[in-house]
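Here is a walk through one structure and the spaces inside it. Keep the sequence and the 3D view at hand as you read.

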Amino acid sequence: MEKKNIDWGNIGFGYIQTDYRYVSYFKDGKWDDGQLTEDPNIVLNECAGVLQYAQTIFEGLKAYTTSDGRIVVFRPDLNAERMIQSAERLKIPVFPKERFLDAVQKVVRANAAYVPPYGSGATLYVRPYSFGCNPVIGVKPADEYQFRILTTPVGPYFKGGAKPITIRVSDFDRAAPHGTGHIKAGLNYAMSLFAIVDAHEQGYDENMYLDAATRTKVEETGGANFLFVTKDNKVVTPKSNSILPSITRRSLIQVAREYLGLEAEEREITLEEVKDFAECGLCGTAAVISPVGKIVDHGKEICFPAGMEKMGPVTQKLYDTLTGIQMGTIKAPEGWIVEIA
Ligand code: PLP
Ligand code: COI
């Protein structure tokens, strides 16, 4: 199979249209058989539930070319499971796990020419999503839905790739206690847009959100979980009911323990103690692990020892091991790597 003529090493995290996408329609209480389509456009009624009341959820995973030329995806079963939790919370009918996994296989296989080559630094981002599509004017769930998967080749989420970024402590909250912070609903991202544009205008790459109830505990950023390393090389990540349970973060905790022999702990982390950590990174499918060099809390700077030029040593080891597992140069734990057949 011939790859598309794309300058893989120089693409950012943007949308590049690929040849195929997957779609299944939910009508009269059931999902249809689903199919691939070449049409990237969606025609919706003006009163569709997604347009009026934001009834939409999504997922994100990546397809990689391994060092021996296979195409694989990373832990798609966990994306399927998380999407079920998101669907249940927004009253969207569940798209069954086995069908989700089959649809990922179909859409990645059909777009194999867009899966960036091994070593290019790019990957194929796979975006499953589901939304209410029939007219809804009273506030209630739609009756008809679509489940879709689009794919797009992507480079690094933050410009500069592995260079440390600067973030600020946000005055805006991302998620309420008992709200929707733990699911992947479009509404969580819509309400973060004001804060991210403002952060960029002030010269920051991202926002650190605090817990909305007390504004003393570290939650996450708009699109990634935090990971910290203590001065004695222990990996710690924030525990909260209102952050997204990141698949990357959960994987990195296991990598830290089982591959690097480090202690790793998920616990509440206060903003006050952040200055005592040796390293900080953002972890997620899009972010992989993006090192944070500096956090600014209303003029007060917290600078991590590794500085603004390179990742800290533990972050680097975590990054190398995780990406080695994903690209097939390091043996993966059972079930983590799924080959596109
Ligand atoms: N937190 C938020 C708000 C996200 O949007 C994402 C991206 O999916 C993550 C964390 C990281 O999750 P994952 O590692 O499963 O991609
Ligand atoms: C992902 O990492 O897959 C996400 O969905 C984050 C998003 C903000 C791009």
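A residue counts as near a molecule if one of its heavy atoms lies within 4 Å of it. Keep that cut-off in mind, and keep in mind too that this is a predicted model.

Start with ligand 1. By that cut-off, 16 residues surround ligand 1. The closest are Tyr189, Glu220, Ser246, Thr248 and Thr285. Sorted by class, the shell around ligand 1 holds 5 nonpolar, 7 polar and 4 charged residues.

Now look at the polar contacts of ligand 1. Glu220 places a polar side-chain atom 2.5 Å from a nitrogen atom of the ligand. Ser246 has a polar side-chain atom 2.6 Å from an oxygen atom of ligand 1. In the side chain of Lys184, an N or O atom is 2.8 Å from an oxygen atom of ligand 1. How much of the accessible area of ligand 1 does the protein cover? On its own, ligand 1 has 380 Å² of accessible area, and the protein covers 97% of that.

Where does ligand 1 sit? Its place is the largest pocket. Two elements give two or more residues to the shell around ligand 1: α6, which spans 247-258, and β14.

Move on to ligand 2. It also sits in the largest pocket. The residues around ligand 2 are Phe13, Phe58, Gly60, Tyr125, Arg127, Tyr157, Lys184, Gly223, Thr285 and Ala286. Two of these names have come up before. Lys184 makes a polar contact with ligand 1, and Thr285 is among the residues closest to ligand 1. By class, the shell around ligand 2 has 5 nonpolar, 3 polar and 2 charged residues.

Lys184 reaches ligand 2 through its side chain. An N or O atom there is 2.7 Å from an oxygen atom of ligand 2. Thr285 and Ala286 use the backbone instead. A polar backbone atom of Thr285 is 3.5 Å from an oxygen atom of ligand 2. For Ala286, a backbone N or O atom lies 2.8 Å from an oxygen atom of the ligand. The protein covers 90% of the 280 Å² of accessible area that ligand 2 has on its own.

How many cavities of 30 Å³ or more does a search of the whole structure find? The search finds 3. The largest cavity has a volume of about 60 Å³. It is lined by 14 residues, and those closest to its centre are Cys280, Pro291, Val292, Ala306 and Gly312.

Strand β14 returns here. Both β14 (279-284) and β15 (288-297) supply at least two residues of this lining. The largest share, 3 residues, comes from β15. By class, the lining of the largest cavity has 8 nonpolar, 4 polar and 2 charged residues.

The second largest cavity has a volume of about 40 Å³. Its lining consists of Ile57, Met83, Ile84, Ala87, Pro93, Val94, Phe95, Ser130 and Phe147.

Find Lys184, with its side chain 2.8 Å from an oxygen atom of ligand 1 and 2.7 Å from an oxygen atom of ligand 2. Then follow β14 from the shell around ligand 1 to the lining of the largest cavity.

Definitions and conventions. Residues are numbered from 1 along each chain as its sequence is written. Chains are lettered from A and ligands numbered from 1 in the order in which they are written. This is a predicted model: local features need pLDDT of at least 70, side-chain atom pairs count only at pLDDT 80 or more; totals for chains, interfaces and linings use all residues. Side-chain values use heavy atoms; hydrogens and water are left out. On a 1 Å grid over the protein atoms alone, a cavity is a set of points where a 1.4 Å probe fits but cannot get out, and a pocket is an open set with protein on both sides within 12 Å along at least five of seven lines; lining residues have an atom within 4 Å of a point. Grid points are joined across faces, edges and corners, and a volume is the space filled by probe spheres set on the points. Helices (H or I, at least four residues) and strands (E, at least two) are DSSP runs, numbered from the N terminus. Ala, Val, Leu, Ile, Met, Phe, Trp, Tyr, Cys and Pro count as nonpolar, Asp, Glu, Lys and Arg as charged, and the others, Gly among them, as polar. A polar contact is a pair of N or O atoms within 3.5 Å; within protein, one must be able to donate a hydrogen and the other to accept it, and residues adjacent in sequence count only if both atoms are side-chain atoms. Accessible areas come from the Shrake-Rupley method with a 1.4 Å probe; for residues, only the protein chains shown count as cover. A molecule sits in a cavity or pocket if more than half of its atoms lie within 2 Å of its grid points.
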